[in-house]
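Please walk through this structure with me, one part after another, with the sequence and the coordinates open beside the text.

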Amino acid sequence: MKTYRNKKKHLPTKYVLLIMTAVCVSAIFLSLTLNLSGGPLNSIAGYVFVPMQKGINDAGIWLSDKANDFQTLGEVLEENKKLQARVDELTAKLTETKLERYELDTYRELLALDEKYADYEKITANVIAKDSGNWFSTFTIDRGSRDGIQKGMNVIAGSGLVGIVTDVGPNYAKVRSIINDTSNVSAMVANTQDNLNVSGNLLTMNRSGVITFSELKDKEDQVKVGDEIVTSYVSDQYQQGILIGYITSIENNSNNLTKSGTITPVVDFEHLQVVLVITDLKETGEEDLESKDASETASQQ
Amino acid sequence: MLRKICLFFIITICFLLQTTVFQALSLAEIAPNLLIIAVSSFGFMRGKKEGMFVGFFCGLLIDIFFGFYLGVYALIYMYIGYINGIFQKRFYPDDMKLPMLLIGASDIISNLVVYFFLFLFRSRFRFWDYLRTIILPEFVYTMVITIFLYFILLKVNQALEAHEKRRAKKFDV
């Protein structure tokens, strides 16, 4: 054993550790500054692990389906699913119509609005794995750049916003959900169109299933508990008018100018299986800026 | 070579289980950390070098699929593996106390590092709340899983070592 080992000359482990540390640190800085993702690493890891994760998930879904069959509740569950889908559909429609009405009321005389909530192109995808740690809420889906997924696409489920694609591999994509502690979404109250900032919060989410919002300017106290929160037109990452959730509490900030509080998201993040990816990216070109200016002057008047 | 293949499969299986099955089996939205068990175990069973490499690859996997900056988890897990390797001299397979202690400490320390760099730096100061809702529950759940997983890893490692000894003897003759 000894003689066999001594034939090879090994670099002392200390130096290997130093070299690897340097590699890691430079990788962190590279991805920080250049916003690079894994590149070839993504492809290799994608081809090796994604099929296995898919397999495990399919097996899991099959098993849970079988378990459901054994229960006499099978039919009820089926019906429940259909009804749930119907509820989702109707909620989405309701938000849409509500939004459209408010928009109409405000802008009718000022602007001839184009179709705002045109049907976005969507792709369905399955959730195949969730973040290994307990700190962040990210997950991977089984569609990647081969299916036309790009960084920055919005992900929804049922009638609500789930998150945004932050990285793509050839056959998978990484999604950061809106309940993630680092997530920030520019949103607005659907009926008063006041802008606010929705940020994910690990502690409140774990404790009571809510996320926080802040910087709501609402001098006349028009915003109430139960109001709908949708993504805002000022957001440069999220498409406008996607339902996020409902306000569950409002507090006055100590500066007496802004309010903050909590929102219950409409999406059940615990049991996400199928999501929809909106393949239209938010356009932030000239045209969009113009319409933004127009609507901003409109809201000031 | 056989060891490398086995390590690859162990890392793969732990990663897959952790990201799929155990996420579904999570209690109060807390899942156990199987990868830290593997990294720590191979650290104190096999020494600094192997612990370091197992840690690096486990961390890299997390970075690729879930991290935001490539290399953060690779760095943390690599050091966890390396530090566990220092305790190789004190490791006896029959003694359960040291492995439990090291794996538990590794889990808590890795979570503290994550909290410190990725939460405290974004001015999330409520340390005790994070300790209570995230770090301690994960520690407890991980320790329960350790009792089963550690013995599997120990047996795999012993089988590998026996195989390597037989091969080394062949070379000597």
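Which residues does Ile244(A) touch, not counting residues up to four places away in sequence? In this model, which is predicted, Ile244(A) touches Gly160(A), Leu161(A), Ile178(A), Val185(A), Ala187(A), Val198(A), Ile229(A), Val230(A), Thr231(A), Ile263(A) and Pro265(A), once residues up to four places away in sequence are set aside. Ile244(A) is also named among the residues with the most contacts inside the largest nonpolar core, a set of 109 residues. The others named with it are Val162(A), Val198(A) and Val275(A) from chain A, together with Ala38(B), Cys58(B) and Met78(B) from chain B. Within chain A, domain 1 (12-116) and domain 2 (122-282) each give at least three residues to this core. As a general background, nonpolar side chains tend to be buried together in soluble globular proteins.

Stepping back to chain A as a whole, the reader will find six helices and twelve strands. Of the 301 residues in chain A, 33% are buried, and among the contacts between residues at least 6 apart in sequence, 58% join residues at least 24 apart.

The domain assignment divides chain A into domain 1, residues 12-116, and domain 2, residues 122-282, and the centres of these two domains, taken over C-alpha atoms, are separated by 11 Å. Where the domains meet, 17 residues of domain 1 of chain A are in contact with 20 residues of domain 2 of chain A. On the domain 1 side, the elements that give two or more residues are helix 3 and helix 4 (74-107) of chain A, and helix 3 of chain A provides the largest share, eight residues. Sorted by class, that side of domain 1 of chain A holds five nonpolar, eight polar and four charged residues.

Chain A also meets chain B, in a contact that takes 36 residues from chain A and 38 residues from chain B. On the side of chain A, at least two residues each come from helix 1 (2-7), helix 2 (13-33), helix 3 (40-70), strand 1 (122-130), strand 2 (138-141) and helix 5 (202-208) of chain A. Helix 2 of chain A gives the most to this side, with ten residues, and by class the side of chain A that touches chain B comprises 17 nonpolar, 15 polar and four charged residues.

In chain B, two helices can be followed in some detail. Helix 4 of chain B, residues 48-65, has 18 residues and reaches 26 Å from its first C-alpha to its last, close to the 26 Å expected at 1.5 Å a residue. Because 17 of its 18 residues are buried, helix 4 of chain B is largely enclosed by the rest of the structure. Helix 6 of chain B, residues 97-118, has 22 residues that should span 32 Å at 1.5 Å a residue, and its end C-alpha atoms are 31 Å apart, which agrees. Its buried residues include Pro99(B), Leu102(B), Ile103(B), Ser106(B), Asp107(B), Ser110(B), Asn111(B) and Val114(B). Seen down the axis of helix 6 of chain B, the buried residues fall within an arc of 155 degrees, so they line one face of the helix. The face turned away from that buried side carries the exposed residues Lys97(B), Leu101(B) and Phe116(B).

Met188(A) has its place in strand 6, residues 184-189, of chain A, and with 24 C-beta neighbours inside 10 Å it counts as buried. Leaving aside neighbours within four places in sequence, Met188(A) is in contact with Gln193(A), Asp194(A), Asn195(A), Leu196(A), Val230(A) and Ser232(A). Met188(A) and Ser214(A) are 26 residues apart in sequence, and their C-alpha atoms are 11 Å apart in space.

Glu215(A), placed in strand 8 (residues 211-216) of chain A, has a phi near 60 degrees, a positive value in a residue other than glycine. With 16 C-beta neighbours inside 10 Å, Glu215(A) counts as partly exposed. Asp221(A) lies in the loop between strand 8 and strand 9 (228-231) of chain A, and its phi is near 55 degrees, a positive value in a residue other than glycine. Asp221(A) is exposed, with 9 other C-beta atoms within 10 Å.

Definitions and conventions:
Residues numbered from 1 in each chain as written. Chains lettered and ligands numbered in written order. Predicted model: local features only at pLDDT ≥ 70, side-chain atom pairs only at ≥ 80, totals over all residues. Contact = placed C-beta atoms within 7 Å. Helix = DSSP H or I, 4+ residues; strand = E, 2+ residues; numbered from the N terminus. Nonpolar A, V, L, I, M, F, W, Y, C, P; charged D, E, K, R; others polar. Buried ≥ 20, exposed ≤ 12 C-beta atoms within 10 Å, placed from the backbone. Expected span 1.5 Å × (residues − 1). Arc of directions from axis to C-beta. Domains from an automatic or database assignment. Core = buried A, V, L, I, M, F, W, Y, C linked by C-beta atoms within 7 Å.
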